[in-house]
Amino acid sequence: MTSSATPWEPPLAGTEAEQLIGALERLRTTFRWKADALDSAGLDVRIGASALTLGGLLKHLARAEDEIFTAKLSGAPVSPPWDTVDWKSAPDWDFESAAADTPEQLYAIWDQTVERSRAILAAALADGGLDQPVHLEWDGNHLSLRRLVCDLIEEYGRHTGHADLIREAVDGRVGEDPPRGWRVREY
C-alpha cells in the first residue's frame, strides 16, 4: 500500500515483481528529485576530481533504461540518440554530451525514456514474468528478466548516490526521499 503523498514508496508487502518494481521506482523517483528543477549551470556542476554532472547522469540513466528494455530484453535496436553514437570512439558520450543539451532536453529524454521503459517492462511481466529468458546472454546462457531489473536497480543505486552528493553541492538539497507530495516539475 502506498500513499498518494508518497507514490514512490515500495509496497509494504507484495509479490517479488511488485517489490522489485517498487524498489526501482523509488530509486528512479529519488534520482529524479535530486536532479529536478535545475538550470544548465546546476546540471553541469562537478565536485572534486569527478567529471560526473547531474545532466550527464540524466542522460546516462536514460541510456541505461533504453539499452536494458530494448537491446538486452528483446534484441531490438536502441532508440535515438543512442543508435547513432560510435560508442567505441566515444564510450562516455552520454556523460560528456550532456553539457551541450538544455535542461528541457535532458529532463525530456530521461522522463520519456522512463515512461517507455515502464510500459515495456509491464508488457514483459504480463507476457512471461521475471523468470523469462531475455535476448542478452552470458557464456551461452540467457539472462532472465529478473536479472535485467536487478541490474537497473544496481545502476540507479550507484548513480543516485552520486546525484545526492552533486545536488548537495549545487544548492544544499539533501534527504533520502523526496518530501511528501513532491512531483516532477513540468517543462
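Thr-29 first. In this predicted model, Thr-29 touches Trp-8, Pro-178 and Trp-182, leaving out residues up to four places away in sequence. Thr-29 sits in helix H1. Buried or exposed? Thr-29 is buried, because its relative accessible area is 13%, and the cut-off for buried is under 20%. Look at Trp-8 again. Trp-8 and Thr-29 are 21 residues apart along the chain, yet 6.4 Å separates their C-alpha atoms.

Now the helix itself. H1 covers residues 16–35, and H5 covers residues 103–128. Their axes come within 12 Å and cross at roughly 175 degrees. So H1 runs roughly antiparallel to H5, as angles over 145 degrees count that way. Which residues of H1 make the contact? They are Ala-17, Ile-21, Glu-25, Arg-28, Phe-31, Arg-32 and Ala-35. H5 answers with Tyr-107, Trp-110, Asp-111, Val-114, Ser-117, Arg-118, Leu-121 and Leu-125. By class, that contact has 9 nonpolar residues, 1 polar and 5 charged.

On to the core. The largest nonpolar core holds 38 residues. Phe-31, Leu-58, Trp-110 and Tyr-156 have the most contacts inside it. Where does the core come from? H1, H3 (54–74), H5 and H6 (145–171) each supply at least two residues. H3 gives the largest share, 9 residues.

Last stop, Tyr-156. Set aside its neighbours within four places in sequence. Tyr-156 is then in contact with Leu-24, Leu-27, Arg-28, Phe-31, Leu-61, Glu-65, Trp-110 and Val-114.

Terms used:
Residues numbered from 1 in each chain as written. Predicted model: local features only at pLDDT ≥ 70, side-chain atom pairs only at ≥ 80, totals over all residues. Heavy atoms only, no water. Axes fitted to C-alpha atoms, helices over the stretch in contact; angles between N-to-C directions. Helix = DSSP H or I, 4+ residues; strand = E, 2+ residues; numbered from the N terminus. Parallel < 35°, antiparallel > 145°, perpendicular 65-115°, else oblique. Contact = heavy atoms within 4.5 Å. Nonpolar A, V, L, I, M, F, W, Y, C, P; charged D, E, K, R; others polar. Core = buried A, V, L, I, M, F, W, Y, C linked by side-chain atoms within 4.5 Å. Buried < 20%, exposed > 50% of the residue type's maximum accessible area, 1.4 Å probe, protein only.
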